[in-house]
Amino acid sequence: MMLEIRADHSLQFLLPPAIDDWVPEDHMVRFIRDFVSSLDLHVLGFAQRVGNDGRPNYSNDLLLSVWLYGYMERIRSHRKLEHACRTHLPLIWLTGMNYPDHNTLWRFWRDHKRAIRNVFRQSVRVAQQLGMVGMVVHALDGSKIAVQTASKHGLHRDVLERLNAEIEASLHTIESALEKEAGINDPTNVLPDEFLELQQRKEAIRQALETLDKEEQKHYLPDEPEARMMHSHGHTQWSYNGQALVDDQAGIIVAQEVTNEATDYQQLSPMLEQAHETTSSTAKYTVADCGYRNSEQEEQAHSKGHTVIVPEHGNEKDDGTAYHHERFTYDEDRDCYVCPHGNDLPYSRTIHEKRGHIVNTRVYRCRSYKTCPYHTQCSRAKFGRTIVRHDNHVAQKRRKEHLKDPEKRKALARRKAIVESVFGWIKENFGFRRFTAKGLEHAKAQWSMLCLVINLKKIYEVWRIIATGPDIQSYLGAHAMCTVSTL
């Protein structure tokens, strides 16, 4: 009869086991230890406890390592992370059999939100020194992530005004009924509970509307006032907008940010500046979707040496027709447009539009449309053809020139493959679809940690190759560029 293998709980070691034997040489936690050890945490903004009173505190490198391991293993709750410190063998090894409690872990996170963002930048610099950042094509995109607070706690002006009108109508109906019976001012008359409840609800709505007026918002979340209603994938919810700028070569995230702006319209220039500050260089091309199409931002980027490629609006594309606006030539000396048949479209007026900023649009209108034999072919407008020229027309022209270049069009076509995998990692692999702490600053720290962990996972694959070679910790330390004055 074949014997079965069973656990021998009376097993004893002749010599005490060494903690260093508990994890393999190429395990992720060894990489975490080496990466954190290579950082100058004081320069990065991690505060050190001063004083000799009380129990010795846990070191910053130990607590940072615990949080990094937790995010890599989808453990983002400080209570679950406390439990993991006692049950996960790699984490027991990483902490040296120390067991920080959840309060310690949370206080570390709370006090070092900005420092965690600086660690992300260090991951980019390490990847850059390892040759993993090509600086050829960078792809930019954003994704809406729901806030921690439930949507039901939000205030919406249109809903409140509708409820207020319904309550007033109900109160009026009850008052009329009471007047018919005994008179609402009769001291012997007792107001029904329904009437009192409606009055309380009306008062609560009045206070909520006052809050909306004070905040100058149509929507407001009292528990998280920095959150905004954002539309994404067919539904609208309270969210923050997570941004990521990704390098093409190895998928390293070179810049990241979280904003409470519902659109990406104003995010192009800040993201490029952050990437340049971190890497001290500029990508050959930066590609983004139409949400970043902002001529003012594109002009700022161009002035700083960035080549930004974004798609055109559908009505901006040259469709090849005889009277597309691309067929009209601008005469700068006379400040007018000339149609394909030689007729002038002189300046008519200027329109001031607000698109996050003021845009001045000059309008040029045909004056000879009544006698032009091509009037019906050129335009269906009753008062003749018009051409508009924005004050940022230089950036628009440059954008169109970029899209005529096959190499740049090819770079733009690869945008999704480069950047959207990051959001797949975050939402699917990490299961992160809602921020777990309130406030924009906590959201920024969480997003930084997620992007940091993605970078570290990619760097880890390189580390594994050379882990058995020379001292990897010294290698990382020599290339981490920790002492930077920009942090």
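Reader: In which loop is Asn343 found?

Author: Asn343 is found in the loop that runs between strand E10 (336-338) and strand E11 (344-354), where helices (H or I, at least four residues) and strands (E, at least two) are DSSP runs numbered from the N terminus. This is a predicted model, in which local features need pLDDT of at least 70 and side-chain atom pairs count only at pLDDT 80 or more, while totals for chains, interfaces and linings use all residues. Residues are numbered from 1 along each chain as its sequence is written, and side-chain values use heavy atoms, with hydrogens and water left out.

Reader: Which residues does Asn343 touch, not counting those up to four places away in sequence?

Author: A contact means heavy atoms within 4.5 Å, and on that basis Asn343 touches Tyr337, Val338, Ser368 and Cys372. Asn343 itself is partly exposed, because its relative accessible area is 27%; buried means under 20%, exposed over 50%, and partly exposed in between, with a 1.4 Å probe and protein chains only.

Reader: How many residues are there in the protein, and what percentage of them is buried?

Author: The protein has 487 residues, and 45% of them are buried; its fold contains 16 helices and 13 strands. Among contacts between residues at least 6 apart in sequence, 69% join residues at least 24 apart.

Reader: Is Val287 buried or exposed?

Author: Val287, which is found in strand E7, is buried, with a relative accessible area of 0%. Leaving aside residues up to four places away in sequence, Val287 touches several others, including Val137, His138, Ala411 and Arg415. Ile309 is also touched by Val287, and although the two are 22 residues apart in sequence, their C-alpha atoms are 4.8 Å apart in space.

Reader: How should I read a charged residue such as Asp289, and where does Asp289 lie?

Author: Side chains of opposite charge can pair when their charged atoms come close. A salt bridge is a side-chain nitrogen of Lys or Arg within 4 Å of a carboxyl oxygen of Asp or Glu, and in counting charges Lys and Arg are positive, Asp and Glu negative, with His and the chain ends not counted. Asp289 lies in the loop between strand E7 (285-288) and helix H10 (295-303), and it is buried yet has no salt bridge, since the nearest side chain of opposite charge, Arg415, is 4.2 Å away.

Reader: How many salt bridges does the structure hold, and which side chain meets Arg464 in one?

Author: The structure holds 24 salt bridges, and in one of them the side chain of Arg464 meets that of Asp26, at 3.4 Å from N to O. That pair links distant parts of the chain, with Arg464 in helix H15 (residues 440-466) and Asp26 in the segment before helix H1 (28-37), 438 residues apart. Arg464 is partly exposed at 36% relative accessible area, as is Asp26 at 30%, and both belong to a network of salt bridges that also takes in Glu461. In another salt bridge, Asp344 meets Arg334 at 2.6 Å.

Reader: How many disulfides does a search of the whole structure find?

Author: A disulfide is a covalent bond between the sulfur atoms of two cysteines, and here it is taken as a pair of cysteine sulfur atoms within 2.5 Å. The search of the whole structure finds zero disulfides. As for individual cysteines, Cys290 counts as partly exposed because its relative accessibility is 45%, whereas Cys336, at 3%, counts as buried.
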